[in-house]
Amino acid sequence: ALQGSIDGNLGIVATVRGEYADAIVHYTEAVKAYAHVRHKYGVSQTYHNLGMCHAAQQDWDAALSCYAKGEEIASDLGVMDVLANILVSRAAAQVHVGQLEEAEDACMKARRLMEQLEDRLGLAECRKVEGMTCGGRGEYRRAEEALKTAMMSFGALENQLGVAECELELGRVKKEEGDLETARQRLGESARMFVELGAAAEARRAEALLAETES
């Protein structure tokens with residue numbers, strides 16, 4: 001179990017640095033270690049982290065596969081906090097592959113759990129994903145409202161990574177809406193914040209979207 005915890009934490013460090021190949025190795029080793037001692041909570045949580053690692057590389061099928069494994073274990077264990085976080089991450093991945101109804105359903109389930117847990121950060125994540133879902137449907141006004149609400153919640157919690165993610169998604173919405181000037185402002189700000197936070201992969205993603213608005 002200790003080995004699983006160590007590998008899991010090394011995976012988190014590698015993910016933040018954008019060293020995804022190393023992160024996947026560490027997370028995979030963590031799953032093996034936890035499974036060896038039947039530490040199902042650790043397995044479930046690590047599958048969530050592994051899924052987020054794949055999502056950061058935009059490997060959505062692999063991400064969804066990991067979330068499904070983690071979700072099944074968390075449901076069996078009745079671990080509501082882990083289940084809620086997996087559900088909202090799954091919803092975000094489903095938005096990216098166009099599974100908007102499934103994303104909405106997963107996000108709604110996550111929101112109910114977050115409300116029971118009184119998890120303000122989790123509720124902000126849900127609101128962010130709700131905004132992403134609306135954006136995917138072309139409901140740009142609703143998307144902007146949800147993302148701005150999420151961004152305010154992240155700001156109140158002093159979670160700058162969440163703020164930066166909302167800026168990126170607002171930039172994406174404005175880009176799709178055709179308001180390229182506002183999109184550039186949002187994407188530029190998100191890229192700046194990601195760089196300051198040391199989130200290299202997210203910064204590159206924002207910069208790539210920014211470049212698309214300037215081409």
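Visitor: Before we start, how are buried, exposed and partly exposed defined here?
Guide: Buried means under 20% relative accessible area, exposed means over 50%, and partly exposed lies in between, with a 1.4 Å probe and protein chains only. By that scale Glu189 is partly exposed, because its relative accessible area is 27%.

Visitor: What kind of model is this, and how are residues numbered?
Guide: This is a predicted model, in which local features need pLDDT of at least 70 and side-chain atom pairs count only at pLDDT 80 or more, while totals for chains, interfaces and linings use all residues. Residues are numbered from 1 along each chain as its sequence is written, and side-chain values use heavy atoms, with hydrogens and water left out.

Visitor: How many helices and strands are there?
Guide: The protein chain has 11 helices and zero strands. Helices (H or I, at least four residues) and strands (E, at least two) are DSSP runs, numbered from the N terminus. Along the sequence the pattern reads α-α-α-α-α-α-α-α-α-α-α.

Visitor: And the overall dimensions?
Guide: The C-alpha atoms fill a box of roughly 55 × 35 × 30 Å along the principal axes. The radius of gyration is 17 Å, which agrees with the value near 17 Å for a compact globule of 215 residues. That radius is taken over C-alpha atoms, and the globule rule is 2.2 Å times the number of residues to the power 0.38.

Visitor: What share of the residues is buried?
Guide: Buried residues make up 47% of the 215 residues in the protein chain. The chain exposes about 10800 Å², of which carbon and sulfur atoms supply 49%. Accessible areas come from the Shrake-Rupley method with a 1.4 Å probe, and for residues only the protein chains shown count as cover.

Visitor: Which residues touch the most other members in the largest nonpolar core?
Guide: Of its 27 residues, they are Tyr67, Leu87, Ala91, Cys126 and Val129. Helix H4 (60-77), helix H5 (80-96), H6 and helix H7 (120-136) are the elements that give two or more residues to this core. H5 gives the most, with 10 residues. A nonpolar core is a set of buried Ala, Val, Leu, Ile, Met, Phe, Trp, Tyr and Cys residues joined through side-chain atoms within 4.5 Å.

Visitor: What does Ala91 contact?
Guide: Leaving aside neighbours within four places in sequence, Ala91 is in contact with Ala103, Ala106, Cys107 and Val129. Contact means heavy atoms within 4.5 Å. There is also a second, separate core of 22 residues, which includes Leu170, Phe194, Ala206 and Leu210.

Visitor: Thr133 next. Where is Thr133 placed, and is Thr133 buried or exposed?
Guide: Thr133 is in helix H7, and Thr133 counts as buried because its relative accessible area is 5%. Not counting residues up to four places away in sequence, Thr133 touches Val95, Leu100, Ala103 and Glu104.

Visitor: Changing topic, how many salt bridges does the structure hold?
Guide: The structure holds 19 salt bridges. A salt bridge is a side-chain nitrogen of Lys or Arg within 4 Å of a carboxyl oxygen of Asp or Glu. One of them joins Glu189 and Arg192, at 2.5 Å from N to O. Glu189 and Arg192 are three residues apart in helix H10, so about one helical turn separates them.

Visitor: What about Asp105 and Lys109?
Guide: Asp105 forms a salt bridge with Lys109, with the closest N and O atoms 3.3 Å apart. Both lie in helix H6 (residues 100-117), four residues apart, which is about one turn of the helix. Asp105 is partly exposed at 38% relative accessibility, and Lys109 is partly exposed at 38%.

Visitor: Which pair links distant parts of the chain?
Guide: Glu167 and Arg186 meet in a salt bridge of 3.0 Å, N to O. Glu167 is in helix H9 (residues 160-177) and Arg186 in helix H10 (residues 180-197), 19 residues apart. Glu167 counts as buried, at 10% relative accessibility.

Visitor: Which residues are linked in a network of salt bridges?
Guide: The network links Arg111, Glu115, Arg127 and Glu130.

Visitor: Finally, what is known of Asn9?
Guide: Asn9 is found in helix H1 and counts as partly exposed at 44% relative accessibility. The C-alpha atoms of Asn9 and Asn49 are separated by 10.0 Å, although the two residues are 40 residues apart along the chain.
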